[in-house]
Each structure stands twice: as C-alpha cells, then as structure tokens.
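Good morning, and thank you for joining. I would ask you to look at the sequence and the structure before I turn to the pockets, the aromatic residues and one of the helices.

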Amino acid sequence: MPIDPAKAVAAEPRSAEISWDHKDVQLYHLGLGAGVPATDPDELRYTLESRLHVLPSFATVAGAGMGVVGGLSAPGIDIDLAAVLHGGQSITLHRPLPTAGRAVSTSRVAAVYDKGKAAVLVLRSEAADEDGPLWTSDASIFVRGEGGWGGDRGPSERLPLPDRAPDADVERPIREEQALLYRLSGDWNPLHADPEFAEHAGFDRPILHGLCSYGMTLKAVVDTLLGGDVTRVRAYRTRFAGIVFPGETLRIRMWAGDGRVQVAVTAVERDDAPVLADTLVEHS
C-alpha cells in the first residue's frame, strides 16, 4: 500500500524556518479577491502596506511551510496527486499574525484514518516565533483508493445549521484567473491550473483551491460580522463539501452566536451546490 500509516505517524516531526513579509500577505489577499473596489478604505486594509492587517487564514500559506502538497512527501506516504482532495482545514490562532515575521514551523502526520474507499491524512503544522506560539493548523487530506486496510475510521463531526434565517447572506464572485493568482502563494498542485491534469483527476476543467474558498469565506465573515477586525478571530474550521470553479459565485450564509459564527458556503450557478460545510469561526 502506498501509505504506511504506522510509519507516517511515527516519523519524526520536521521543522523548518519560515518567513514572510508584507508582499506575501498582499499577494495572498489579492488571491482571495481583495481590493475590489480598489480605493475602498476597508479593502485597503488588505492591499496597502501602510494600513495592512493579516487575515488569519494566511497561516495556511505563510512561508509555504509543510503545506498540503509538501506534507504528502512525508515518510510512509507515496501517492498520486491526482487522487488527492483537501477534505478539511482548521486553524487555531494563539495571537494575531504580524505583517512580517520569521518563525519555526514544525509539521507531522498527526493521524491516518481508513474511510473504506479512501484514506484520510491529518497533517498538523505548528508555528512559533521568539515570542511564542503563533498558530496550530490541521489539514485533512482525502486520498482516493487508498483505504480499506481495516484501520480506525476517525471522527465524523457534523455541525447542524441553526433552524432560522441567516444573520447575513452575501455573494462573492470568483474571477476567471483567480486560481492562477492564488497558486502563487505556494500551492502548485496542477489540478488548479492544467486542464489536462484536471481531466485526468475527473474534472471538466481546473477547480479553485479549497483553501482559496476557505480564505474568501473568512474574509467575508470578518468584513460582514466582525467589524473588519481580523484580531478577533480565535479559530476557524471547515469541511470541504464540494468544488467550485473559477468564474462562479460563492454564496456565504452566516449565523451569529455567542462568540461564534456558523457558515454555509454554496455555488450559486449550480443551484447552491455545497462548497464548504460544518464551518465555524470562533471569535472574541
């Protein structure tokens, strides 16, 4: 089997020094669709270095780190990228992210689960600088065709939506070239750019990165319900329930609660097909 669960989990954590500056942050924000309208003061917080703040989901690309693709080269893992789908993502923030920084990122395979027709890898990354921990990030990766060895199926958490109308319902368009711009932040999987590779993976055309829709959604929550204050975000998690294509539109519905916002994200043009589910933003 191309995945050796025991070897992957037992492997020594890998540490690497990472760094980023305002240009990396600005590029990431632009890859999420920030900057429209270009002179809007609220958007300038994402695009202009003199006013810049950092959306917490930047942690998924900061310094490239282990990353989703990089984590698939860990000991005990030898798989075809065409069989890989990002299943879920969570981030816990230990303090607000600086616009420029240097840190040590420590990454490991935290778990391998057997879902029958697929394996799920949980890739954990923890980053800390000289002042202490910055963030902890878990990526759940589905590898089609690699399950069925009789291992632990792992958790199956679902987060039912409130039985009432959402407190906010917004739409965010995805530009035709957005995946090409977003991938410059470090996720070079050809699934998001190469039509032939996408077809080999079973898609009509390249799809948007799950982490791009993840970042777009957090930006919408921050801008709509948190007063544009990125420092209020404490944790953010989601399950990738479906794909979305460049050129489509995300519908983002939000339900505010006590220190939390539940979110559902769908693709407008495909009859509100699910994109993100079991999505929760915890905040101060």
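The largest pocket holds about 1,100 Å³ of space. This is a predicted model, in which local features need pLDDT of at least 70 and side-chain atom pairs count only at pLDDT 80 or more, while totals for chains, interfaces and linings use all residues. Residues are numbered from 1 along each chain as its sequence is written, and side-chain values use heavy atoms, with hydrogens and water left out.

For the terms: on a 1 Å grid over the protein atoms alone, a pocket is an open set of points with protein on both sides within 12 Å along at least five of seven lines, a cavity is a set where a 1.4 Å probe fits but cannot get out, and lining residues have an atom within 4 Å of a point. Grid points are joined across faces, edges and corners, and a volume is the space filled by probe spheres set on the points.

The largest pocket is lined by 45 residues, and the closest to its centre are Gly 87, Gly 88, Ser 140, Phe 142 and Arg 239. Which elements supply at least two residues each of this lining? They are H4, S2 (84-93), S3 (101-114), S4 (118-129), S5, H7, S7 (233-240) and S10 (273-283). Here helices (H or I, at least four residues) and strands (E, at least two) are DSSP runs, numbered from the N terminus. Strand S2 gives the most to the lining of the largest pocket, with seven residues. By class, that lining has 22 nonpolar, 14 polar and nine charged residues. In this scheme Ala, Val, Leu, Ile, Met, Phe, Trp, Tyr, Cys and Pro count as nonpolar, Asp, Glu, Lys and Arg as charged, and the others, Gly among them, as polar.

The second largest pocket has a volume of about 240 Å³. Of its 13 lining residues, Leu 32, Gly 33, Val 36, Arg 172 and Pro 173 are the closest to the centre. Strand S6 (168-173) and helix H7 are the elements that give two or more residues to this lining, and the largest share, four residues, comes from H7. The lining of the second largest pocket divides into six nonpolar, one polar and six charged residues.

Helix H7 itself comprises residues 210-225. The expected span of a helix is 1.5 Å times one less than its number of residues. For the 16 residues of H7 this gives 22 Å, and the end C-alpha atoms are 22 Å apart, which agrees. Is H7 mostly covered or mostly uncovered? It is mostly covered, as twelve of its 16 residues are buried, where buried means under 20% relative accessible area, exposed over 50%, and partly exposed in between (1.4 Å probe, protein chains only). Among the buried residues of H7 are Tyr 214, Met 216 and Lys 219. Lys 219 also lies over the face of Tyr 46, at 4.5 Å from the ring centre. The charged end of Arg 205 likewise sits over the ring of Phe 245, 3.9 Å from its centre. The rule for such a contact is NZ of Lys or CZ of Arg within 6 Å of the ring centre and within 35 degrees of the ring normal. After H7 comes Gly 227, whose phi is positive, near 65°.

I turn now to the aromatic pairs. Rings of Phe, Tyr and Trp (its six-membered ring) pair if their centres lie within 6.5 Å; planes under 30 degrees apart count as stacked, over 60 as edge-to-face and the rest as tilted. By this rule there are six aromatic pairs. In one of them, the rings of Trp 20 and Trp 135 have centres 5.9 Å apart and planes at 55°, so the pair is tilted. Trp 20 lies in strand S1 (residues 14-20) and Trp 135 in strand S5 (residues 132-144), so the pair ties together parts that are 115 residues apart in sequence. Trp 20 is buried at 5% relative accessibility, and Trp 135 is buried at 4%.

Another pair is formed by Tyr 28 and Phe 58, with ring centres 5.7 Å apart and planes at 65°, so this pair is edge-to-face. Tyr 28 lies in helix H2 (residues 22-31) and Phe 58 in the loop between helix H3 (41-47) and helix H4 (68-71), so the pair ties together parts that are 30 residues apart in sequence. Tyr 28 is buried at 0% relative accessibility, and Phe 58 is buried at 2%. Trp 20, Tyr 28, Phe 58, Trp 135 and Tyr 182 form one aromatic cluster.
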